[in-house]
There are 2 protein chains.
Amino acid sequence: MNAVPTELLRDAERLSEAVVRPIPGSRKVFVPGSRDDLRVPMREIALQRTPTLFGGEDNPPVTVYDTSGPYTDPDTHIDLAAGLSPLRAQWIAERNDSEPLPGLTSEFGRAREHDPRLSSVRFPGRILPRRAIAGANVSQMHYARRGIVTPEMEYVAIRENQRLDQVRDAGLLAQHRGQSFGAAIQARITPEFVRDEIARGRAILPNNINHPESEPMIIGRNFLTKINANIGNSAVSSGIAEEVEKLVWAIRWGADTVMDLSTGKHIHETREWIVRNSPVPIGTVPIYQALEKVDGRAEELTWEIFRDTLVEQAEQGVDYFTIHAGVLLRYVPLTAKRVTGIVSRGGSILAKWCLAHHKENFLYTHFEDICDIMKAYDVAFSLGDGLRPGCIADANDAAQFGELETLGELTKIAWKHDVQTMIEGPGHVPMQLIKENMDKQLAECGEAPFYTLGPLTTDIAPGYDHITSAIGAAMIGWFGTAMLCYVTPKEHLGLPDRDDVRDGIMAYKIAAHAADLAKGHPGAQVRDNALSKARFEFRWEDQFHLGLDPEKAKEFHDETLPKDAHKLAHFCSMCGPHFCSMKITQDVRDYAAEHGVGETDALAAGMAEKSEEFRAAGAEVYRPG
Amino acid sequence: MNAVPTELLRDAERLSEAVVRPIPGSRKVFVPGSRDDLRVPMREIALQRTPTLFGGEDNPPVTVYDTSGPYTDPDTHIDLAAGLSPLRAQWIAERNDSEPLPGLTSEFGRAREHDPRLSSVRFPGRILPRRAIAGANVSQMHYARRGIVTPEMEYVAIRENQRLDQVRDAGLLAQHRGQSFGAAIQARITPEFVRDEIARGRAILPNNINHPESEPMIIGRNFLTKINANIGNSAVSSGIAEEVEKLVWAIRWGADTVMDLSTGKHIHETREWIVRNSPVPIGTVPIYQALEKVDGRAEELTWEIFRDTLVEQAEQGVDYFTIHAGVLLRYVPLTAKRVTGIVSRGGSILAKWCLAHHKENFLYTHFEDICDIMKAYDVAFSLGDGLRPGCIADANDAAQFGELETLGELTKIAWKHDVQTMIEGPGHVPMQLIKENMDKQLAECGEAPFYTLGPLTTDIAPGYDHITSAIGAAMIGWFGTAMLCYVTPKEHLGLPDRDDVRDGIMAYKIAAHAADLAKGHPGAQVRDNALSKARFEFRWEDQFHLGLDPEKAKEFHDETLPKDAHKLAHFCSMCGPHFCSMKITQDVRDYAAEHGVGETDALAAGMAEKSEEFRAAGAEVYRPG
């Protein structure tokens, strides 16, 4: 082990209190699986009793999906320089189909490893990477297709269920009928269902064998809708310690995966710190780093440089790669008359390379070579939409849909190699054209998971594109997108800061949850119901705790009614103590309970005589105390 | 005229610079109508030339809808104590069907007028109100049905067109085909079309004859989607001067109408200041004030008190009244088993009254009496959804839809009186249930304009309900809702401050515009296209100016790249100067232009020989200067 780079560590150790403090009202719980080392973390939100006024019953705790990893677990000691505990290491090792390498096998990785100038920024605790033994395929898809339910698959099944059986037993599962547009939504997620979905290619479980620290999760149309947050430095700003903190911040608010889009100076070292400390899958766009290796000159990119980059990153533990293999030479001219041309960075790099060489995209021609790398580490494809529309005018055009057809063709090749694959999509698309995207993706790509940026439903709101895009994201999530890539308020304008990341994630958690409700995922409405009941009963703290952002909710409430006593107040801050519709509703409820509900005729008949009695009692059912 | 209340005026005169400063990059223009005193204000955004690098052409200015009134017109002197100029006074007077009253006719109004304790808060410049002469009906619907095109209707036609002919002539009208779900979207709005829509009841033009200061606007499914912002003090906070400033702030960002939901001490006087200074229609919920008159005891409300309140407000110039006449006795018990009961304040007041008296809602039994008042001043109905769902669980239930059916019945009665009518709707509704609301409203209410709160598509994000609801608002707007009532981030938590109002309005301007794009309103895409072209060409200032919030966009950009020079920078702040997809796209575009576009086979054939030349030229088409 290298010496601890004290300079960096001082920064890294200082994860702000804000990013690691416990989430108010919650505790981390672990649901055990079939083996001792399989414990699935969830977040349990304890609720108060209903006030006597409203019935006085107990309210069962609500279990929610937890992406925050050990950072919100008070029982875990966080040491960024050591990295997280490799919870999957044993599972990987006991499959006996991979082996630790004697050293890094990428040229670039080896060069960085031995460069003394990097010792101050290098992650100190790196162990040797693993790779599939010769001829083996370590992808979850490969296991799934051979009928093997891995611990990862079981983990995912438990995680997706979110202790739904408790809810079912408590009789709290009633909800509106969903409209899933043909998805295969399950009443209960079994490990076998997870296996089957992965085997069919309808879901992916991204977890590189070199990222044993990751908590398994699944991306597929028949599971809960996921969201991705991007982090990354750039030529303009940002540093390593800042990036790790961004990761922890993003998963605190609910990012299911994080893409590291760094393009700066210590891209390799930054990534190592991030992967070692990430409980969520990490995705990258390897062409960004490959481009740096040729000093930004796209035409000098070669398959060999790119290949070495894939191996370098696969051995660090990156879980999915965006690969823009669908940017074919013949599609490039189709973008020339667009209003905003090619807006994907990866897409534009490949387009430039194609034009410069007048050759077919080398990612396309070497696609099977890439598959060979992917399956040796279990890296999943995220087939990039290099030709996605950058504005409303360019939506659903020939370039975009041509590329999508090619991505469908590539999906089948990847599946031939048992390599897990998802498909990137949208960008800017007006509402009436969103469903066509989803339908075409399902048809062309054999139901491989769709992973979309937004889409933004209008171009006219720079500064608010988390909202323009949350609208599109909710809709496309409903239609069947498996993972939504977030957009922050700074989109098109600048680099997101911490508040922007939080705002972007919140907008996307909302979109994903709205999609889950609309699809009719069993139990999706449990949290809504619990929160609304708390709201009605003036259980303010419960309302905050059940929200996606308990801290913001409390802060907003405190602005109007700062006194602690008001957390118990039986009125809302909107109307004040003397005028409150919920108070009046309780009158209605009490009255109806006393006189029979639903039998409106009988009620009407009985009410004339009772109304006088009601008025005599003060016509004010709410009596404090 | 009363003496100027100097204490209040000091406050009122101090409209912050922030709420009245000119909108960057814009100027107010006036499009003339058929008479000299008909000049329709719009906002024209001037654009820079395209840089030589990208073609060097001129970019025509973009005209956008302007709700901000004289406040953003540097040629207008604002004097809050005098109120705005009564631009419609002559149009109203020359119809010879109304007359100035000798004095206020409401008891309450007269009492307030003569209360010396109120002199310090009373609006000083009040003139006597008008009322229809005996037997006359001054509603725009009445004129419309008699075939009269009023100046108000012509004004609206010009306003809705937004100088579209200029855009058409410039060949910039191409856009995606919309999906309007059966709306009658027009290529060009004529005064006759406006008249016909009002006559049919498919649109309303809310403009009380006692609010001659208002700039006519129209609410209907076949016109641009509108948004409403709520302002109002409450028992907990706020004051008069603050409310006027909120109005000016709300219309600056794009509120098409403003509802004054005040419930505090000087509700009558506050309203007068607001109406006199408002260029947009003002709506109220008269039952709130009526309840104050009986000290908050709903059961003591009487038709007489309510009637006096309607007259009081109608004579002040309120343009539309929310009237909860659909909260029938038989529906009240249907809410008892809801998770959140009755959440509408008005709905709960009427429910309580019905229960206390065991009588039918007096707004329902006196509905035709109300119609008589409405048509004497041209106040429009906003038939209130007192039983709207307050959470996802309660959406689309028997109480909600029962009330909607009654609102349909009442619409037909209002139309019998030629009273303009819109229908309030939604609340909390998951995405898969939104369209049913719209379809049922269209069917039950004969296409009377729908005016919906959100809907919020999930309950779990207190602090972010402008987003949960913008998703639903965009969708229901697309499906046919004519006006969207905004929700701020403080919904359910507290009173919105200035930033919250701005955030709420922005979310709703986005939703409304996304809806217009999706419906396919002619010209809806012009601003998107202009902004995206500016974005592609690195015309940063133009991008800011074309945005819904130029100030925020610039502020965000400045955070990353604060130097003025960067406003001309040919790279984005996301990627920095050395790595930019737009830069590369320009290579593609230049290359394609040189070698032919679209003929991909020919291109492919020709490119092999050209690629060497391209590389020899440095493979870097971007050359500054």
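Buried means under 20% relative accessible area, exposed over 50%, and partly exposed in between, with a 1.4 Å probe and protein chains only. At 5% relative accessibility, A:His428 therefore counts as buried. The model is predicted; local features need pLDDT of at least 70, side-chain atom pairs count only at pLDDT 80 or more, and totals for chains, interfaces and linings use all residues. Residues are numbered from 1 along each chain as its sequence is written.

**Confidence**
- Residues 1–12 of chain A have pLDDT below 50.
- Residues 597–625 of chain A also fall below 50.
- Where pLDDT is low, the predicted coordinates should not be read in detail.
- The model scores ipTM 0.93 and pTM 0.93.

**Annotated pair**
- An unreviewed UniProt entry annotates A:His428 and A:His492 as "binding site"; such annotations may be inferred rather than shown by experiment.
- The two are spread over 65 residues of sequence but cluster in space, with a largest C-alpha distance of 12.2 Å.

**A:His428**
- A:His428 sits in strand E13, residues 421–428; strands are DSSP runs of at least two residues, helices of at least four.
- Its contacts (heavy atoms within 4.5 Å) beyond four places in sequence include A:Cys391, A:Asp459, A:His492 and B:Arg535.
- A polar atom of its side chain lies 3.3 Å from the backbone oxygen of A:Gly390.

**A:His492**
- A:His492 lies in the loop between strand E15 and helix H19 of chain A.
- A:His492 is buried, at 17% relative accessible area.
- Its contacts beyond four places in sequence include B:Arg535, B:Trp540 and B:Gln543.

Methods: Chains are lettered from A and ligands numbered from 1 in the order in which they are written. Side-chain values use heavy atoms; hydrogens and water are left out. pLDDT is the predictor's confidence in each residue, from 0 to 100. A polar contact is a pair of N or O atoms within 3.5 Å; within protein, one must be able to donate a hydrogen and the other to accept it, and residues adjacent in sequence count only if both atoms are side-chain atoms.
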